[in-house]
Amino acid sequence: MNRRYDPQSTEEKWQRIWEEQGLFKSHANPNRQKYYVLEMFPYPSGKIHMGHVRNYSIGDVVARYKRMRGWNVIHPMGWDAFGMPAENAAIQHGVHPARWTYENIAVMKKQLSRMGFSYDWDREVTTCDPAYYRWEQWLFLKMYEKGLAYQKTSFVNWCVKCQTVLANEQVESGCCWRCGEEVTQKEMPGWFFKITHYTEDLLEYCEKLPGWPERVLTMQRNWIGRSVGATIHFPFWDREGFIPVFTTRQDTVFGATFMTLAPEHPLTLELSKGTPQEKEVQEFVERIKKQDKIKRTSDDYEKEGIFIGAYCRNPLTGMKMPIFAGNFVLLEYGTGAVMAVPTHDQRDFYFAKKFGLDLVVVVQPPQKPSLDAQTMTEAYTEDGILVNSERFNGMTSEEAREAIAQHLEERGLGKKSINYRLRDWGISRQRYWGAPIPIIFCPHCGTVPVPEKDLPVILPQDVRLTGLGDSPLAHAPSFVNAPCPGCGKPARRETDTMDTFVESSWYFERFCSPREDRGMFNREEVKYWMPVDQYIGGIEHAILHLLYSRFYTRVLRDFGLLDFPEPFTNLLTQGMVVKETHHCSKDGFLYPEEVTNNLTCVKCGAPVQVGRTEKMSKSKKNVVDPDFLVQKYGADTVRLFCLFASPPEKDLEWSEQGVEGSYRFLHRVWRLVEDWAEVLKSGTASPSQAPLPENLRSLRRKIHGTIKRVTEDIENRFHFNTAISAVMELVNSLYQMEGKRGDPDPQTAGVMREAVETVIVLLSPFVPHICEELWNFLGHPQSVSKEPWPRFDENAIRDEEVLLVVQVNGKLRSRVTVGVHASEAEVKQAVLANERVREVLQGQPVKKFVWVPKKLVNLVV
């Protein structure tokens, strides 16, 4: 080739060729087996980051590999385009969210193309396009008809700064996941999807997803939160009615000495009315509403409570039980009320001690010593034998749970029941940049769905965004004022928009037929391509996005649009890209260039602390710009580092040395082809029929052993790092071969060409650009992407090696591996080349060479 490796010109050249040839376009073909590989599509925030690069590099390897294995691959990309950042940018910079979004999409699409990802861009979708969201509005209407979409008033997580509702999963440590501000509780009407209709089905199928990581399935099971127990009715002490309580420990009901309600429970304020405690209870409720719900239930969080001035009766003991409100009880779990058994629940124990409440032991451990309520220092929470429980004394806890539940049912005081942690999905957002909810409120007709013929309900462009108050759409007369579809009189549109997770719950189906204008998607196309065979994304979406997508798929199935229940057959959750941080006590986090070699701050001279590796973040100034890396090293180097430095499921620790090492390796591959150019041009990759000498037989073993390793590492485990390592080992072996110059031996030329072509083909899914260039140099007219994936030759890799013991003057000195068919000369050459043998001989001539085939060698000196 006689030219140096220039990644920029090489990569741009082949990206043009791929686009001109439409190499990655996909079409349904019933005669071919399909493979759908999909990475979670990005939010168009402005520029891609290294997390994107890693995620999409993983998916691209899978897509390219599967194409070479003969699959009909679909590998689409699009944009999760609605969301608060666009609206916030509009408020801060005076740019309309649509313009901000589409400008960012143009930048990010160019970046993704520059990385060489093999996307079928003809399938691109953008969720803020009315052609996309009209169909989720259509499905909303269908769900509304079936009662799967409904409106109710509830307490919601409210971010004051973002002025919007947040799902529980969007609240992190009591703060908004977007802006970091403290989240409060607010009661307001909103729209919900009835995901609880599918609770059992969602849970059951967690056992039918063998291609999902167990960690993710566990998170989904825990979020659904199935609990088997009983609902018990605790009658009010001085009024009609009762408080229903769900418990999994009905065996301890005889030890219930007080009741605790969630502060948000309607009875908390209702029962305190007219009591001396009324004002204090109101203040307590308002204060607890601001606390993080997850923290409230943690063991190390302070347990706060207040007596609300009312009592209830233990239905089995008749005991008068004071009713408290406690910050550790959540309205979302069970009935929002807890029967407190302080001797057998640690939180209740702490609470009872704090407020001086009664303790009654009702479960004794099977082994001595017995528990004494007066001397207990902590609750006994295990199963045991019942005491102080009347007719149930002497039963085990397991027996008593069944017997007491039955007894409650017989007396009309409760029943066996199953409770779930999962709650319906609140989709209302008080923001502009989202899909409008297709509902009209009429003073005469009430809540009226928008007729299908009037879809889509399009977001107006003439909206003033201030970031203050309720939804901006509420102040856009051209949007909010609309005639009632029923009576034609003046009415008002719903001004909430849908949660952006609605868009991401079905985009994978839309990719199958992105231009379909007669429905959400073409059913035949979806039937061919879906479900997704390999889905790739971050563990942070293990609950929210994945659970909603599973729910949405079931809704579409029940409406007859799909014939499968699960959208993703296999799931890979890749780790984060992490990098060390630098922190100055005066100036905060610093960029690496703001730190001297002596670890002092260039701004103020103060010492700089090198922190632990953390997820790349602009706020911590430990980000690395992919554009800079591509410009300096090329996209192939960036891809190779991301794939080689760590297994996909583990965190990737950033390393400048690692990037340099990847860059050097690609240069080695380039030089290898250049050095052997004459030989490679003269040889063919088909092995000679004549017997090969041992060095070439050994090389063929290495070639086909590498094919086997790389194939298994990609196919079975996605261990791209070890696959790349295997190719590196083969490259090292090729550098040890002799015969680069002069007239080539035909056998050497043939085996070397086989070896080099194998290196290029095996590396092509990882670093496609350089491989295309080298493949083309070797005289192949078509893209290496169209080359069939190589198959390993079992005969070549069959165990043809033997381990020989090496003695010097009868003493064991080393061991060497040689081929079973190696000649005496070849064995002697291998033994004398052994480093340990050379150290022992120290240049002494060998007087006698004794070789016992397949066993040992003895050198006499």
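The model is predicted, so local features need pLDDT of at least 70 and side-chain atom pairs count only at pLDDT 80 or more, while totals for chains, interfaces and linings use all residues. Residues are numbered from 1 along each chain as its sequence is written, and side-chain values use heavy atoms, with hydrogens and water left out.

V160 sits in the loop between β3 (149-159) and β4 (164-166); strands (E, at least two residues) and helices (H or I, at least four) are DSSP runs numbered from the N terminus. Its C-alpha atom is separated by 26 Å from that of F441, which is 281 residues away along the chain.

Turning to K66, this residue belongs to helix α2 (residues 50-68). K66 counts as buried because its relative accessibility is 7%. Leaving aside residues up to four places away in sequence, K66 touches Y35, W71, V73 and E715, contact meaning heavy atoms within 4.5 Å.

Next comes a helix pair. Helices α3 (residues 84-93) and α4 (residues 97-114) pack at an angle of about 115°, their axes 8 Å apart; axes are lines fitted to C-alpha atoms over the stretch in contact, and angles run from 0 to 180 degrees between N-to-C directions. On the α3 side, P85, A86, E87, A89 and A90 meet P97, W100 and T101 of α4.

Definitions and conventions
Buried < 20%, exposed > 50% of the residue type's maximum accessible area, 1.4 Å probe, protein only.
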